[in-house]
Amino acid sequence: MAKRGGEIEALREVTREAAREPAPQVDWQRVESKLLSRIESSERSRSGRWVYALVAAAAAVLLVGLGLFGGGDAPQARTAPPGVTTKVIGPDVQGTVNGSELAIGDRVVTKNREIEVDHPGRARWTLAASSSATLADVGKRLTVRLDQGAVVSRVVPRKEAESFAVVTGELRVAVHGTVFRVEKRGDRALVEVTEGVVAVGPASAERTEGWLLRAGDQGSFTLDGRTGTVQRAPTAARDSQTSEVTAPAPTRVTAKRNSPAPAPLPLTPTTGEIERRLDTVASHVARCFDQNTKSGDVRVTARTRMSAKVAPDGSLGALAFDPPLAPDVHQCASGAARSTKFPQSQQGALVERTILLGP
Amino acid sequence: MPAAVLQLDRPSWPGAAADPSCHPVRPATNIVAVSDGSESQPASEADQLVARCQSGEAVAFRELFRAHRADVARLVHRMLGPTSDLEDVIQEVFLQVHKSIKDFRGQSRFSTWLYRVTVNVVLMHRRAQRSRPTFVEQPESLVPSDVAPLPDEQVARRARIVAFNRLLDRLTEKKRTVFVLHELEGMPPVEIAKIVEAPVLTVRTRLFYARRELAELLREEPALAALADELGPSGDRDSDRAVEREARREPS
């Protein structure tokens with residue numbers, strides 16, 4: 001029989017110890033500086049929006065009155081209203097734009113060619129053709145808001161984490177590294193990391209938490225930053241600078257007379273191909289969850305991260321769930337998903353997706 | 001989504017000084033501090049600092065921050081436990097203070113109002129953390145690797161506090177909040193009631209159940225079970241009755 005007693009004294013004692021425990025050291029200078037910087041940014045953008053709204057309203061009234069109001073092709077470079085510091089750069093700007101001369105709210109617009117913006121010592125970002133982006137923050141975390149199209153960013157490594165970020169919708173991709181590409185495609189954002197590490201997650205959080213993507217990884221995320229599919233680079237791709245990469249086994253091809261040589265397989269399946277197959281797998285999992293979850297009058301939902309290896313031949317390896325699903329559900333899902341075939345590739349892929357189950 | 005407690009941002013009106021400190025609300029006058037609805041008292045230095053901040057003095061907010069930052073840091077640390085988000089949450093608290101200080105009417109002590117803001121920001125932070133997708137890669141450990149080894153007793157005490165924080169984490173938000181405010185911050189139930197905006201009886205009830213639950217969970221943590229064995233049973237043979245009695249212990 002377990003010993004009992006002493007709990008009261010122990011609770012009192014540990015409470016006293018916890019009450020005596022000092023708070024950890026805080027870098028007050030940094031906290032104060034960041035706090036005042038955020039207050040200042042918030043004041044500037046608020047007063048800018050307010051003044052812009054007032055002037056824009058007045059301008060609209062004037063234009064309507066003069067009968068000059070009309071539509072135009074988008075995206076058109078707009079002339080900033082008087083008294084407002086935001087400006088629009090592009091689409092015909094020549095050379096690299098000096099980021100130090102930009103302020104919060106300034107917008108870059110491209111049409112037929114890309115525009116490069118350089119923030120000396122911090123980052124260089126290239127806005128693809130037919131894209132638009134706004135400079136959202138110039139403080140400790142240099143932030144670009146991608147409104148349309150795609151941007152490639154190359155970031156100077158700094159001691160502080162998240163020194164640079166790209167925001168699109170409610171999703172933030174923050175740098176802990178390096179070279180990465182963010183594309184807004186419909187209601188999703190595609191992220192590819194070439195060098196270093198980025199964190200991807202909801203922009204509403206002060207610090208970006210969610211997925212960590214390293215060199216060679218690709219991901220597709222909803223614009224609220226809460227759901228995503230990540231395709232991991234094989235370990236060899238990440239370690240290619242320091243270790244030998246084993247060449248994949250050659251694919252046997254039976255050549256027919258007068259037939260053209262088969263196209264080489266891609267290194268990994270494309271994100272779009274993976275997305276479509278994962279949609280099928282996710283629907284199998286959802287069906288198995290519904291069939292094997294007896295809930296009566298209670299509504300049962302679950303949120304889990306599903307991961308699996310896709311072999312070079314396109315077959316799907318064992319499914320893993322975190323948190324785990326009930327054994328019946330897992331077994332049913334694994335059986336149903338086994339028939340899903342991914343495209344062939346040289347290296348296969350490691351894929352993950354967060355799924356919501358239940359009504 | 002948590003209920004909105006603090007007022008949303010309002011744009012500043014034309015003519016407002018482009019000043020990174022508080023919104024101008026009313027010109028500084030003879031602010032009379034009212035404590036707990038009793039007779040008026042002359043404004044103290046602390047009240048005057050708040051008034052200066054409300055009237056838009058840039059320096060005043062900085063002074064306010066420096067005067068209260070340690071208290072806020074201590075409370076955030078006690079409510080969240082060890083976390084790498086401490087500085088972020090402290091920042092968030094004072095950001096909310098800056099946004100909402102014009103709404104402080106002086107009907108309670110400023111410290112009470114500040115604690116209320118802090119508690120609400122911490123609770124929102126915890127809720128936001130629960131809804132975030134988890135990292136695929138584990139974040140780096142928060143334990144520094146270059147710290148010299150501690151004496152055994154300090155190691156044991158550290159382990160007990162870590163275990164205690166784990167137990168606290170298992171309480172509901174409401175029970176944990178009142179336990180932290182009373183047992184760790186030393187606040188009386190009357191003041192806690194103003195902070196959590198609940199009746200005093202409700203505060204006492206939550207405290208009762210918090211103590212009982214912690215005592216019952218204690219043995220699930222080996223470090224605390226060892227402490228319980230070391231300190232021995234209470235004088236009462238029936239330890240369940242002892243737990244009840246402790247839980248009912250009148251809060252000071």
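**Figure 1. A cysteine pair in chain A of the predicted model.** A:C332 is partly exposed, at 22% relative accessibility. Its partner is A:C288, and the two form a disulfide with sulfur atoms 2.0 Å apart. A:C288 lies in helix α4 (residues 271-292) of chain A, and A:C332 lies in helix α5 (residues 327-337) of chain A. The pair links distant parts of the chain, 44 residues apart. A:C288 is buried, with a relative accessible area of 0%. The angle about the S-S bond is -70°, and the link is left-handed. Over all chains, the count comes to one disulfide. A disulfide is a covalent bond between the sulfur atoms of two cysteines.

**Figure 2. A salt bridge between two loops of chain A.** Side chains of opposite charge can pair when their charged atoms come close. Here the side chains of A:D106 and A:K87 meet in a salt bridge, 3.2 Å from N to O. A:D106 sits in the loop between β2 (97-98) and β3 (107-109) of chain A. A:K87 sits in the loop between α2 (28-66) and β1 (88-89) of chain A. The two are 19 residues apart and link distant parts of the chain. Are these residues buried or exposed, or in between? A:D106 counts as buried, at 1% relative accessibility. A:K87 counts as partly exposed, at 36%. A search of the whole structure finds 33 salt bridges over all chains.

Figure 3. Chain B has 10 helices and zero strands. Read along the sequence, the pattern is α-α-α-α-α-α-α-α-α-α. Of its 252 residues, 46% count as buried. The accessible surface of chain B comes to about 13400 Å², and 53% of this belongs to carbon and sulfur atoms. Among the contacts in chain B with a separation of 6 or more, 69% join residues 24 or more positions apart. How confident is the predictor, and what is the average pLDDT of chain B? Chain B averages a pLDDT of 76, and 66% of the residues score at least 70. Over residues 1-41 of chain B, the pLDDT is below 50. This stretch still has 68 contacts in the model beyond near neighbours in sequence. Residues 134-145 of chain B also have a pLDDT under 50. For these residues the model has 16 contacts beyond four places in sequence. Where pLDDT is low, the predicted coordinates should not be read in detail. For the complex, the predictor gives an ipTM of 0.72 and a pTM of 0.45.

**Figure 4. A salt bridge from a loop to a helix in chain B.** B:E221 forms a salt bridge with B:R166, with the closest N and O atoms 2.9 Å apart. B:E221 lies in the loop between α8 (200-217) and α9 (222-231) of chain B, and B:R166 lies in helix α5 (residues 152-170) of chain B, so the pair ties together parts that are 55 residues apart in sequence. B:E221 counts as buried, at 9% relative accessibility. B:R166 counts as partly exposed, at 44%.

**Figure 5. A salt bridge between two helices of chain B.** The side chains of B:K175 and B:E213 meet in a salt bridge, 2.6 Å from N to O. B:K175 is in helix α6 (residues 173-184) of chain B and B:E213 is in helix α8 of chain B, so the pair ties together parts that are 38 residues apart in sequence. B:K175 counts as buried, at 17% relative accessibility. B:E213 counts as partly exposed, at 23%. Elsewhere in chain B, salt bridges that share partners join B:D71, B:R74, B:R78 and B:E185 into one network.

**Figure 6. The surroundings of B:L181.** B:L181 is in helix α6 of chain B. It counts as buried, at 0% relative accessibility. Which residues does B:L181 contact, leaving aside its neighbours within four places in sequence? They are B:L75, B:Y115, B:V119, B:G186, B:M187, B:I192, B:I195 and B:V196. Take B:V119 as one of them. B:L181 and B:V119 are 62 residues apart in sequence, but 9.5 Å apart in space, C-alpha to C-alpha.

**Figure 7. B:Q48 in helix α1.** B:Q48 is in helix α1 (residues 45-54) of chain B. It is partly exposed, with a relative accessible area of 45%. B:Q48 and B:A60 are 12 residues apart in sequence. In space they are 9.5 Å apart, C-alpha to C-alpha. B:C53, by contrast, is buried, with a relative accessible area of 0%.

Conventions
Residues numbered from 1 in each chain as written. Chains lettered and ligands numbered in written order. Predicted model: local features only at pLDDT ≥ 70, side-chain atom pairs only at ≥ 80, totals over all residues. Heavy atoms only, no water. pLDDT = per-residue confidence, 0-100. Contact = heavy atoms within 4.5 Å. Helix = DSSP H or I, 4+ residues; strand = E, 2+ residues; numbered from the N terminus. Buried < 20%, exposed > 50% of the residue type's maximum accessible area, 1.4 Å probe, protein only. Areas by Shrake-Rupley, 256 points an atom, 1.4 Å probe, with all protein chains shown as cover. Salt bridge = Lys/Arg side-chain N within 4 Å of Asp/Glu carboxyl O. Disulfide = S-S within 2.5 Å.
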